[in-house]
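Look over the sequence and the model, then read on.

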Amino acid sequence: MSIKDILTPFTAWKRVAKEPVTVRDPFNDRPGADRYRGFHKNDVDKCIGCGTCEAICENEAIDLVPFKDPVSGDSGLRPRVDYGRCCWCALCVDVCTTNSLSLSNEYKWIATDPEEFRFTPGIEEKAWDKNEKGWKKPEGNYEFYNLERVSMEHLHPEERNDSFIEMVKGFSKEQAILEADRCVECGICTATCPAHMGIPEYIKAIRNDDMEEGMRILYETNPLPEICGRICTHKCETVCSIGHKGDPLSIRWLKRYIADQIPEDKYKEILNTNNLEVNDKKVAIIGAGPSGLSAAHYLRLMGYQVTIFEQYEKAGGMMRYGIPEYRLPYDQIDKDINYILSLGVEIKYNTRIGKDITLDQLGKDFDAVFAGTGLHLGRGTGIEGSDNQHVYYSTDMLRKITSGEEIEVADSIVVIGGGNVAMDITRSLARLQMQKFDKVNIITTSLETEENMPADREEVVESREEGATVYPGWAPQSIEIKDGIPQGLHVVKCNSLFDETGRFNPQCEMDVKNYYPGHMIVQSIGQGIDISYISEEFKENIKFGPRGRVETDEYFQTGVKWFFMGGDIIQGPDVIHGIANGHKAAVGIDRYLRESDFPNN
Amino acid sequence: MQQIIQDIESRFTITDKETRRNDLCFLTVDKLQAISLVTYLRDYQGYASLTLLTAVDWIEEGNFQLTYLLNNPSTRTEIGVRTMIDRENATMESTHHLWENIQTYQRELKEMFGIDFPGSPRIDEDFILEGWDNIPPYRRDFDTKKYSEETYFPRPGRETNDPSTYMKSKLYPND
């Protein structure tokens with residue numbers, strides 16, 4: 001040690017009389033700067049527990065911990081931050097899909113227990129919770145994902161309003177990859193999809209441009225991807241986390257993109273179904289609609305001999321006989337169905353159970369039976385004049401249009417109903433009017449107000465684009481008839497549909513009247529179950545719920561062990577519930593036939 | 001400000017200029033002119049004070065961008081001089097002869113990006129990352145998350161849940 005080392009510390013003494021450069025200020029607080037990145041805050045009511053904050057954290061400082069029970073669109077989890085790891089970079093704030101997460105400008109926190117520095121913002125109360133200053137994601141400045149969807153090309157109204165050719169063009173490869181790139185892979189959508197499809201996984205396959213992998217993921221839970229990729233009610237999109245700040249992912253179109261890329265003759269090779277085993281058990285399916293086809297597909301994969309009994313001359317049920325061709329072209333229905341048939345599923349067309357063969361006989365000839373017979377009976381309004389021969393049910397009309405039959409098309413038409421089927425018949429009739437009269441004159445009216453209409457929003461918008469007039473919020477009262485021809489529909493203002501207890505009980509203002517002229521009226525206010533194929537004697541053995549619906553267990557098994565039911569008659573109505581029901585019933589039938597300790601055996 | 005820029009353009013080849021505000025402008029020059037430009041700004045245009053020296057990793061283009069931000073205390077204006085240097089064997093002339101304090105920035109850039117400034121005092125000494133044994137951490141090919149996983153032990157008592165799996169276990173455990 002040199003003499004310098006000993007003396008150096010004393011040089012500080014020369015400053016003893018000088019004014020210090022820094023001083024302690026005991027009177028004023030020293031807040032962080034306005035946009036300082038301090039401790040976390042989270043608006044837990046806005047947060048949906050998507051975990052994007054956890055995924056982006058480079059320091060693995062964030063965990064997702066249970067906060068409440070999950071519901072559709074909210075995992076019930078919330079982020080917990082470990083300040084032993086956090087570096088306050090605020091990537092978690094910037095990526096947050098709901099803008100619930102932010103940083104306060106507080107930077108002082110003193111505690112003796114190190115465990116305290118791991119906390120769940122917004123749930124464990126902190127002094128800075130109400131602190132307005134700090135870091136929030138600057139609005140409109142930059143985004144980690146594109147908030148706008150890649151727009152889908154449609155045929156323009158004037159190109160499509162007189163023909164039934166498909167109006168949605170589908171994504172190109174570049175468009176699909178760009179759209180897939182918006183997905184944050186949170187998986188919130190999976191629970192909401194009735195079939196619990198592996199949505200983030202197949203979107204990832206698109207990003208990787210691996211269509212074969214995408215196809216395998218689709219078929220794990222959904223054997224009708226061309227169909228669902230076009231007309232699914234896409235409940236997944238309503239909960240998409242990206243939808244909180246921007247447009248939700250176009251999940252439906254992405255699914256369609258995968259299926260569209262694979263030619264029909266490659267399916268078996270990709271899905272590895274060239275050599276399926278066949279066991280000695282036989283299962284009958286009643287109805288070749290979505291639930292029946294789904295059950296048939298999964299049962300066949302398990303090795304069962306499957307025969308479908310279909311009352312019409314083609315398979316597809318409501319997908320073929322209810323949904324117009326401009327939304328779902330027949331060749332795409334055929335593509336999905338042909339693959340299922342190619343697995344060795346047999347179909348007996350033009351065979352109606354209860355007429356050509358009894359249900360009891362099926363029970364004797366087969367080891368198990370699944371019925372997915374759907375809702376094919378039109379429901380009427382029952383109003384005065386509705387028994388006229390020019391007053392129709394939408395289900396009957398759509399069936400005739402889709403099977404190519406000639407139908408009556410009046411120069412002026414009124415449709416009653418606000419659901420997707422009402423829009424289907426409106427748009428189909430508008431096209432036929434265009435072909436016949438070169439102009440559209442169709443009015444569609446619903447009890448529900450505009451914002452409460454059950455139809456998909458785009459269906460209502462596109463109906464209007466095609467020249468139909470939609471008047472929501474009116475209750476039909478009577479149909480005026482003159483010389484056996486309808487003249488128009490009398491309606492009154494309808495303000496609400498349900499009373500406080502949630503019961504259907506429309507409240508109308510009888511003195512606010514309106515009148516819609518039309519020489520043909522179509523009723524599209526829902527469909528009813530037709531289970532006339534079940535004999536009275538048989539019915540005694542199965543349970544019925546309060547509104548005449550058959551009651552089944554979670555595997556869709558009825559009170560008669562070998563008889564399973566699913567699809568629109570049990571849940572829905574929509575295609576994706578049917579597919580999910582059919583899959584679950586197939587698992588149930590397999591267990592019923594194999595396991596002696598299956599609950600109901 | 002505009003006059004100064006015109007003056008500079010008459011002497012140096014400016015490849016890009018961006019006027020951000022009335023008192024802030026960025027000029028891009030080749031690596032060859034960068035030092036002479038900052039020297040000229042310091043000695044003849046009053047931009048005597050160095051606000052900072054910083055870098056950006058443009059990994060896709062194979063470049064580092066250096067920015068010398070200079071301040072003119074009398075006009076209260078700032079000029080940023082930007083230049084691109086090759087990402088491979090990244091080297092830049094040291095300017096510690098112009099500003100003594102720039103050696104701290106240069107040490108930081110050496111450690112964080114691996115940009116060398118030969119001759120800059122203490123350039124090879126550890127700056128803040130004592131005992132660092134990886135590629136410079138501000139380079140974009142440095143995988144922060146992988147490094148965290150490999151370097152830090154998981155704290156006991158931590159657990160997390162995947163939203164999709166958690167929702168399945170609660171909402172539809174049998175499917």
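## Contacts and overall build

Among contacts in chain A between residues at least 6 apart in sequence, 73% join residues at least 24 apart. Two residues count as in contact if their C-beta atoms, placed from the backbone, lie within 7 Å. This is a predicted model, where local features need pLDDT of at least 70, side-chain atom pairs count only at pLDDT 80 or more, and totals for chains, interfaces and linings use all residues. Residues are numbered from 1 along each chain as its sequence is written, while chains are lettered from A and ligands numbered from 1 in the order in which they are written.

The C-alpha trace of chain A spans about 120 × 65 × 45 Å along its principal axes. Chain A has 601 residues, and 45% of them are buried. Buried means that 20 or more other C-beta atoms lie within 10 Å of the residue's own; with 12 or fewer it is exposed, and in between partly exposed, with C-beta atoms placed from the backbone. Chain A holds 21 helices and 21 strands. These are DSSP runs, numbered from the N terminus: helices are H or I with at least four residues, strands are E with at least two.

## Domains

Chain A is divided into domain 1 (25-144), domain 2 (157-270), domain 3 (282-375 + 530-594) and domain 4 (379-528). The bounds come from an automatic or database domain assignment.

In chain A, the C-alpha centres of domain 2 and domain 4 lie 32 Å apart. Six residues of domain 2 of chain A are in contact with nine residues of domain 4 of chain A. On the domain 2 side, two residues are nonpolar, three polar and one charged. Here Ala, Val, Leu, Ile, Met, Phe, Trp, Tyr, Cys and Pro count as nonpolar, Asp, Glu, Lys and Arg as charged, and the others, Gly among them, as polar.

Strand β16 (474-482) of chain A runs antiparallel to strand β17 (485-498) of chain A, and eight bridges join them. Strands pair if DSSP finds at least two bridges between them. A:E480 stands opposite A:G488 in β17(A). The two strands form a hairpin with two residues between them. In its turn, A:D483 has a positive phi of about 50°.

β17(A) also pairs with strand β18 (504-517) of chain A, antiparallel, over nine bridges. A:S496 has A:Q507 in β18(A) as its bridge partner. This hairpin has five residues between its strands, and A:G502 in the turn has a positive phi of about 85°.

## A three-stranded sheet

In chain A, an open sheet has the order β1-β4-β6, with antiparallel pairing. Its edge strands are β1 (40-42) and β6 (134-135) of chain A, each pairing on one side only. Three bridges join β1(A) to β4 (101-104) of chain A. A:K41 has A:S102 in β4(A) as its bridge partner.

## A helix pair

The axes of helix α13 (290-301) and helix α21 (575-594) of chain A come within 7 Å and cross at roughly 35°. Axes are lines fitted to C-alpha atoms, for helices over the stretch in contact, and angles run from 0 to 180 degrees between N-to-C directions. The residues making the contact include A:L293 and A:Y298 of α13(A), and A:I579 and A:I589 of α21(A). By class, the contact has ten nonpolar, seven polar and no charged residues.

## Meeting chain B

Chain A puts 24 residues in contact with 19 residues of chain B. Elements β2 (62-66), β3 (77-82) and α6 (188-192) of chain A each give two or more residues to this side. The side of chain A that touches chain B has eight nonpolar, eight polar and eight charged residues.
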